[in-house]
Amino acid sequence: MGSEANQITRYTLAILAFFLGLLATHLLAIHSHCWEGLNPYCLIRWDSGLYLDIARNGHTLVPCPDDPSKWCGNAGWAPLYPFMVRGLACLIPGHSLEWSSVLVAWSGLLASFLLVSHMNKGKNARTLIGQLAVLLLAPGSIYFYAAFPLSWTLFFTLGLYHGLSKHSIVWVWISSIALMWIYSIGFVFLGLLFLLGLYCYSIDEPSPLKHLSAQAFMAAGLSFLALLGYEYMSTGHWNATFMVQAKYGHTLNQPLKFMGIHAERLINSWSGIQRFIELQHFGIWVFLLVLAIQKPMYQSHTLIKFSALALLLLWALPYGASPDVALYRNAALGAAFWMILLNQHKPSLRWAFLLYFGICWGPMAVLFFQSILI
């Protein structure tokens, strides 16, 4: 009876956290003069339109009207979220794609919170509250409520970690497959899983994780090949995603190359609300450094090292791609790993994290509703 009551308490906390996030999002939308609050009108911004276009028309790839040597269309954005949006709209007669896009995003966030509660089985409620708080206030988390696939990216990232830590091949396969299709940068996980498997074999990691890391890489690899096949069938080009993204001129650079540009933007915007964009960016670097100093990766469990590397790459790669990459969305990709890593350290570090990014959260949400965040 005690165990069942504890389980109900955990799931209740997850549901309460979910509705708390929705309430905060609603109030900030109104504060930003988007009076519809949680209506899709306020939560569909910028790239949301591309996901809705995929849901309506499938993937498209056409020469750009202003420069036929480059490629335009919606093929540069991952298909799984639009599939889910279209599926929900078909299941509920009279349901608009706009409402479906928002409800799918919310369901991903609720599923993530419930999964975190499940992962905390046997732990005290304080630990769960701390982890849910990190997910609520993590950099970029406003996008978990909007018409974007980031809430489901969070869910499958948590699912991958859960599968690897609890030796569940079902979670590992489902999550590895889905991560290739849910967000365009998902292919980074393919490289991360390769490095995890290589590390496990190099140090002769005990067989469950060694076996599961190989399974995860195999599942992700097959899924990525299937995605390329889908792109070929839908557009006639297996590399359609990269063809579309190429027009933005993003390249791989060492991640600190553009830090001076970001610092200049911070100085120039210091008197306005947009300063919180760069305050968030620099705050992420500071907390990454502090985490490394507090507990160096070589002293940690293999999966903690994996989480630290994943968080670093998922932030550093887009940061070094261009000074104009929408880093606020990319920041949300690391939410699960912030939660995992902060759980390994003293509560004071988690409180510092929550305080800093809690201060940034409201202004960043306002900037989102004002369509300043892309």
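Visitor: In this predicted model, which residue meets R265 in a salt bridge, and where in the chain do the two lie?

Guide: A salt bridge is read from the gap between a side-chain nitrogen of Lys or Arg and a carboxyl oxygen of Asp or Glu, which has to be within 4 Å. Here the side chains of R265 and D324 meet at 2.9 Å, N to O. The pair links distant parts of the chain, with R265 in helix 12 (residues 259–268) and D324 in the loop between helix 14 and helix 15, 59 residues apart.

Visitor: How many salt bridges does the count come to, and what does R329 pair with?

Guide: The count comes to 4 salt bridges. One of them joins R329 to D47, with the closest N and O atoms 3.3 Å apart. Because R329 lies in helix 15 (residues 327–332) and D47 in the loop between helix 2 (40–43) and helix 3 (48–57), this pair ties together parts that are 282 residues apart in sequence. R329 counts as buried at 9% relative accessibility, and D47 counts as buried at 12%.

Visitor: Which residue forms a salt bridge with K210, and which ring does K210 lie over?

Guide: K210 forms a salt bridge with D204, the closest N and O atoms being 2.8 Å apart, and K210 also lies over the face of Y201, at 5.1 Å from the ring centre. K210 counts as buried at 16% relative accessibility, whereas D204 is exposed, at 56%.

Visitor: What describes a pair of aromatic rings, and how many such pairs does a search of the whole structure find?

Guide: A pair of aromatic rings is described by the distance of the centres and the angle of the planes. The search finds 25 aromatic pairs. Among them, F287 and F357 form a tilted pair, 5.5 Å centre to centre with 50° between the planes; F287 sits in helix 13 (residues 275–294) and F357 in helix 17 (residues 347–369), 70 residues apart. Both F287 and F357 are buried.

Visitor: Why is the pair of F306 and F337 edge-to-face?

Guide: Planes over 60 degrees apart count as edge-to-face, and the rings of F306 and F337 have their planes at 85°, with centres 6.4 Å apart, so the pair is edge-to-face. F306 is buried, with a relative accessible area of 5%, and F337 is buried, at 1%.

Note on methods
Residues numbered from 1 in each chain as written. Predicted model: local features only at pLDDT ≥ 70, side-chain atom pairs only at ≥ 80, totals over all residues. Heavy atoms only, no water. Phe/Tyr/Trp six-rings, centres within 6.5 Å; stacked < 30°, edge-to-face > 60°. Helix = DSSP H or I, 4+ residues; strand = E, 2+ residues; numbered from the N terminus. Buried < 20%, exposed > 50% of the residue type's maximum accessible area, 1.4 Å probe, protein only. Lys NZ or Arg CZ within 6 Å of the ring centre and 35° of its normal.
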